[in-house]
Amino acid sequence: MAKGFRNYIDNTMQRIISSEGITHSVYATVMELYYGKPVYKTVENAYEEISQIRFKPSGTCYTADRQCSKQPRYDLDIIIPVYNVESYLQTCLNSVIDQQTKYSYRTIIIDDGSTDKSTKIIEKFSRNASVLIIKQKNRGLSVARNVGLDCVDARYVLFVDSDDILADGAVEILLDKAFENDADIVEGGFDTFKDGKIVSQTKRMAGLSTVSSLSGFAWGKVIRATYFKNLSFPAGYLFEDTIFSLILYQMVQTVYTLVDVTLIY
């Protein structure tokens with residue numbers, strides 16, 4: 001599975017590279033937004049630069065049978081990987097842990113070897129019975145999420161990045177529709193903020209939908225936990241969310257989207 005998927009990605013990239021107009025746009029975006037590198041004017045130079053700085057993939061989306069409880073303890077497990085985000089973390093964790101809902105949920109925080117004040121912020125929640133804290137050496141976002149998945153004991157899973165904010169009432173709204181429709185995935189809209197201000201909004205149509213309406217991000221949606229029995233995030237890949245979603249979206253059947261904003265990104 002992993003080898004075949006890797007070949008698919010490589011072949012897709014080669015097709016993109018064959019079209020200079022498309023390639024320059026793609027690589028220019030990567031350079032400017034993710035690496036702060038100057039944008040090269042030719043496909044060859046751009047591809048050469050990215051080849052030098054990209055991660056060396058070491059993981060796969062497949063995992064051996066992950067234990068899935070037949071009688072989960074919680075309705076929802078919220079997985080939050082943390083690495084050096086002291087400026088945003090307190091707000092993020094408060095937004096998650098202070099959710100008002102009739103549903104049972106647990107917050108799983110993975111401290112991925114933080115070297116700033118993030119660890120101390122996390123420790124403030126160590127006595128909260130609905131919070132599970134895991135500490136590990138820095139191994140990257142994908143591995144941290146997978147460690148959280150190994151601990152899941154819930155019907156649904158929600159990923160939240162540690163510099164994001166879960167909107168008030170998000171758990172209630174998402175799970176209401178998940179249980180009402182026996183949905184595999186429920187996703188709401190999200191706001192994008194910068195310097196403390198909302199700069200853009202992404203909204204969905206309300207109702208039963210298809211995977212084509214979903215974002216390629218892991219966060220901002222509740223996902224039926226049983227889909228993670230053999231599915232993990234690939235370690236060492238750029239855009240691991242997209243790779244993960246390409247596989248997950250081929251498996252699900254019932255998708256529901258909400259017009260409500262459930263995450264501030």
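**Close-up views of a predicted model**

At 1% relative accessibility, Phe-159 counts as buried (under 20% relative accessible area; exposed is over 50%, partly exposed in between; 1.4 Å probe, protein chains only). This is a predicted model, in which local features need pLDDT of at least 70, side-chain atom pairs count only at pLDDT 80 or more, and totals for chains, interfaces and linings use all residues. Residues are numbered from 1 along each chain as its sequence is written, and side-chain values use heavy atoms, with hydrogens and water left out.

**View A. Phe-159 pairs with Phe-233.** The whole structure holds 12 aromatic pairs (rings of Phe, Tyr and Trp, the latter by its six-membered ring, with centres within 6.5 Å; planes under 30 degrees apart are stacked, over 60 edge-to-face, the rest tilted). Phe-159 is in strand S4, while Phe-233 is in the loop between strand S9 (221-224) and helix H8 (240-248). The two are 74 residues apart. Helices (H or I, at least four residues) and strands (E, at least two) are DSSP runs, numbered from the N terminus.

**View B. Phe-233 also pairs with Phe-244.** This pair is stacked: 4.0 Å centre to centre, 15 degrees between the planes. Phe-244 lies in helix H8, so the pair ties together parts that are 11 residues apart in sequence. Phe-233 is buried, with a relative accessible area of 1%. Phe-244 is buried too, at 1%. Ring pairs link Phe-159, Phe-228, Phe-233 and Phe-244 into a cluster.

**View C. Arg-145 sits over two rings.** Its charged end is 5.7 Å from the ring centre of Phe-159. For Phe-233, the distance is 4.8 Å. A charge sits over a ring if NZ of Lys or CZ of Arg is within 6 Å of the ring centre and within 35 degrees of the ring normal.

**View D. Asp-164 is buried without a salt bridge.** A salt bridge needs a side-chain nitrogen of Lys or Arg within 4 Å of a carboxyl oxygen of Asp or Glu. The nearest side chain of opposite charge is Arg-145, 7.5 Å away. Lys and Arg count as positive, Asp and Glu as negative; His and the chain ends are not counted. Asp-164 lies in the loop between strand S4 (154-159) and strand S5 (165-166). Beyond its neighbours within four places in sequence, Asp-164 contacts (heavy atoms within 4.5 Å) Cys-92, Trp-219, Leu-263, Ile-264 and Tyr-265.
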